[in-house]
Amino acid sequence: SLVHPDDVADLEKTWKEMLAHKDCFIQNYLCRMMHKNGSWRWTESNFHNLLHDASVEGIVNNFRDVTDRITAAEKIRQSEENLHAIFENTDEGFVLINPDFTVKSCNNIARYNVFTSGEMKIGDTIFNYVEEHRKEFFKAILLNTLSVEFFNYDLLATNKQTTGELWVQIHVTPVKVKNNIVGIFLTGRDITKQKEKDLQIA
């Protein structure tokens, strides 16, 4: 068979369904076909059942090789999966916010541990997760960051998981695309143990 073994069953099912319906048109059907050099190539096909049409009396099929497109998409998917794994398996909290200060993305450390005042949700304003007495200070930092500045500071916050206190080191960085600031990236890391040692030494 010229069809890849993993694609045969689905192609047979699709073919039967098409034959069962007059004038059936199937568009952008993907399957792997064997190339004359022995390699498997992804093809994208269109099928049109014109068996009922006296001038045709057949199945009209056209297809094209889309292997490069499928391969590129798979590489992107794998890269995104790798980045997601890194994003979610780090000891730092990551938050990406829009220029209007709404949360665009965050990892679980940020969502549940580092930042305060409840579970972080996409689309919420970042100020929902900042303690009341720090909101004006934090807003000033974000506004300055939109003017291409970088900030790094430590803060003492309430730990939502233990109701105790922890020291968090915050990095605030503008996100640029073609020299335009399109958002702000926040990282937060629990530095409580180090801070306690520093305070004892002082």
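Modeller: Before we start, one rule: two strands pair if DSSP finds at least two bridges between them. Helices (H or I, at least four residues) and strands (E, at least two) are DSSP runs, numbered from the N terminus.

Biologist: Fine. What kind of model is it, and how are residues numbered?

Modeller: This is a predicted model, where local features need pLDDT of at least 70, side-chain atom pairs count only at pLDDT 80 or more, and totals for chains, interfaces and linings use all residues. Residues are numbered from 1 along each chain as its sequence is written, and side-chain values use heavy atoms, with hydrogens and water left out.

Biologist: How many helices and strands are in the chain?

Modeller: Five helices and eight strands. From the N terminus, the order is α-β-β-β-α-β-β-α-α-β-β-β-α.

Biologist: How much of the chain is buried?

Modeller: Of its 202 residues, 31% count as buried. Buried means under 20% relative accessible area, exposed means over 50%, and partly exposed is in between (1.4 Å probe, protein chains only).

Biologist: And the accessible surface of the chain?

Modeller: It comes to about 13,000 Å², with 53% belonging to carbon and sulfur atoms. Those areas come from the Shrake-Rupley method with a 1.4 Å probe; for residues, only the protein chains shown count as cover.

Biologist: What share of contacts joins residues 24 or more positions apart?

Modeller: They make up 37% of the contacts with a separation of 6 or more. Contact means heavy atoms within 4.5 Å.

Biologist: On to helix 1. What span should its 12 residues have?

Modeller: Helix 1 covers residues 8-19 and should span 16 Å at 1.5 Å a residue; its end C-alpha atoms are 16 Å apart, which agrees. The expected span is 1.5 Å times one less than the number of residues.

Biologist: Which residues of helix 1 are buried?

Modeller: Leu11, Thr14 and Met18. Seen down the helix 1 axis, the buried residues fall within an arc of 65°, so they line one face. The arc is that of the directions from the helix axis to the C-beta atoms.

Biologist: How do strand 1 and strand 2 run, parallel or antiparallel?

Modeller: Antiparallel, joined by eight bridges. Met34 has Trp40 of strand 2 as its bridge partner. The hairpin has five residues between the strands, and Gly38 there takes a positive phi near 95°.

Biologist: How many bridges are there between strand 2 and strand 3?

Modeller: Eight, again in the antiparallel sense. Leu50 has Gly58 of strand 3 as its bridge partner.

Biologist: What does Arg64 touch?

Modeller: Arg64 touches Trp42, Thr43, Glu44 and Arg69, not counting residues up to four places away in sequence. Arg64 is in strand 3 and is partly exposed, with a relative accessible area of 49%. Arg64 and Ser45 are 19 residues apart in sequence and 6.6 Å apart in space, C-alpha to C-alpha.

Biologist: Switching to strand 4 and strand 5. How many bridges?

Modeller: Three, antiparallel, between residues 92-97 and residues 103-106. Ile97 has Val103 of strand 5 as its bridge partner. In that hairpin, Phe101 takes a positive phi near 70°.

Biologist: Last one. Which residues of helix 4 are buried?

Modeller: In helix 4 (residues 135-145), they are Phe138, Ile141, Leu142 and Thr145. Those residues fall within an arc of 95° seen down the axis, so they line one face of helix 4.
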